[in-house]
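Visitor: I am new to this structure and would like a close look at a single part of it. Please take the salt bridges, and go through them one at a time.

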Amino acid sequence: MPINLAIVGVGKIVRDQHLPAVAANADYRLVAAASRHGRVEGIDNFGTIEEMLAAVPSIEAVSLCMPPQYRYVAATKALAAGKHVFLEKPPGATLSEVEDLAAQAASAGVTLFASWHSRYAPAVEAAREFLAGTRIRSMRVYWKEDVRHWHPNQEWIWQAGGLGVFDPGINALSIVTRILPRPVLATAAMLEFPENREAPIAASIRFTDAEGLDLEAEFDWRQTGPQSWDIVAQTDAGEMRLSEGGARLSVNGQLLHAEPEQEYPQLYRRFAELVRSGRSDVDLAPLRHVADAFMLGRRKVVEAFHD
């Protein structure tokens, strides 16, 4: 039988990604939505998650797609009602929130899925396999895009807990923590805050691991023209380039892997597997690296940013 699914927070990412992925997956039946402003045609819509849960007891699982600052309260209500929960990335505004949600899910005997969509980019697993078979000498991450294009007039993303440039940057960190054979740790960071914002517009972080890996990540929201979503590793087997957000893998300039993007369809397949097997998947490594960057980072105030 299909899983009766509800979505909370009907915005751009839901319309562009979640709704098409759910519609194409026979494991789900979308039965309700809750949002302050958005609506989904053809199903029951509510203004709050409380109203939705009370009115539609047949809901079995909930996808939470509102800004991270508001996700903990909604997730707590869904878990207390015995619903399986899918968390958009980042899974919460803090590590403590998500750790507590994991404990709540375990106590309630339901699934909690902290989703990292970029890990499901087509060439990520091929990059992981390549790096497992060679020595990595250094790695550089370049994640630079235009915030005016991707997040126009979205004030929540500039507020405390909205992560600023780490909202896209955490996608890169989710890939890095998947493809590297060993855990890494941040050693230094620089965060650039516009004088009129509470979250950074650019950041650089240096990492290492137990074997002294040289890893640096650069995130910037002021990119114009072509956008940059690249991870480049120098290895004993040559230069590996994972480009276009994980869609294409090249080694020494030769394209080895490129397929159409299917990130959200794969996320929903994974969620269905977890629900049916009674398991959770809550990997906090990407969010932990962001937290470490805020703890270690030197703060630099830059000119005011205006949409």
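How many salt bridges does the structure hold?

Guide: This is a predicted model, and the structure holds 20 salt bridges. Side chains of opposite charge can pair when their charged atoms come close.

One of the salt bridges joins aspartate 236 and arginine 137, whose closest N and O atoms are 2.7 Å apart. The two residues belong to distant parts of the chain, 99 residues apart. Arginine 137 is in strand β7, which covers residues 136-144, while aspartate 236 is in the loop between β11 (228-235) and β12 (238-243). Aspartate 236 counts as partly exposed because its relative accessibility is 46%. Arginine 137 also has a relative accessibility of 46%, so it counts as partly exposed.

Another salt bridge is formed by aspartate 209 and arginine 182, with 3.1 Å between the closest N and O atoms. Aspartate 209 sits in the loop between β9 (202-208) and β10 (214-220), and arginine 182 in the loop between α7 (166-179) and β8 (185-194), so this pair ties together parts that are 27 residues apart in sequence. How do these two partners stand, buried or partly exposed? Aspartate 209 has a relative accessibility of 8% and therefore counts as buried, since buried means under 20%. Arginine 182, with a relative accessible area of 30%, is partly exposed.

Glutamate 239 and arginine 241 also meet through their side chains in a salt bridge, at 4.0 Å from N to O. Glutamate 239 is partly exposed, with a relative accessible area of 28%. Arginine 241 has a relative accessible area of 32% and is partly exposed.

Threonine 111 is placed in the loop between α4 (95-108) and β6 (112-114). Because its relative accessibility is 0%, threonine 111 counts as buried. The side chain of threonine 111 reaches the backbone oxygen of leucine 274 at 3.3 Å. Leaving aside residues up to four places away in sequence, threonine 111 touches His84 and Val85, and also Phe271, Leu274, Val275, Gly278, Arg279 and Ser280.

Key. Residues are numbered from 1 along each chain as its sequence is written. This is a predicted model: local features need pLDDT of at least 70, side-chain atom pairs count only at pLDDT 80 or more; totals for chains, interfaces and linings use all residues. Side-chain values use heavy atoms; hydrogens and water are left out. Helices (H or I, at least four residues) and strands (E, at least two) are DSSP runs, numbered from the N terminus. Buried means under 20% relative accessible area, exposed over 50%, partly exposed in between (1.4 Å probe, protein chains only). A polar contact is a pair of N or O atoms within 3.5 Å; within protein, one must be able to donate a hydrogen and the other to accept it, and residues adjacent in sequence count only if both atoms are side-chain atoms. Contact means heavy atoms within 4.5 Å.
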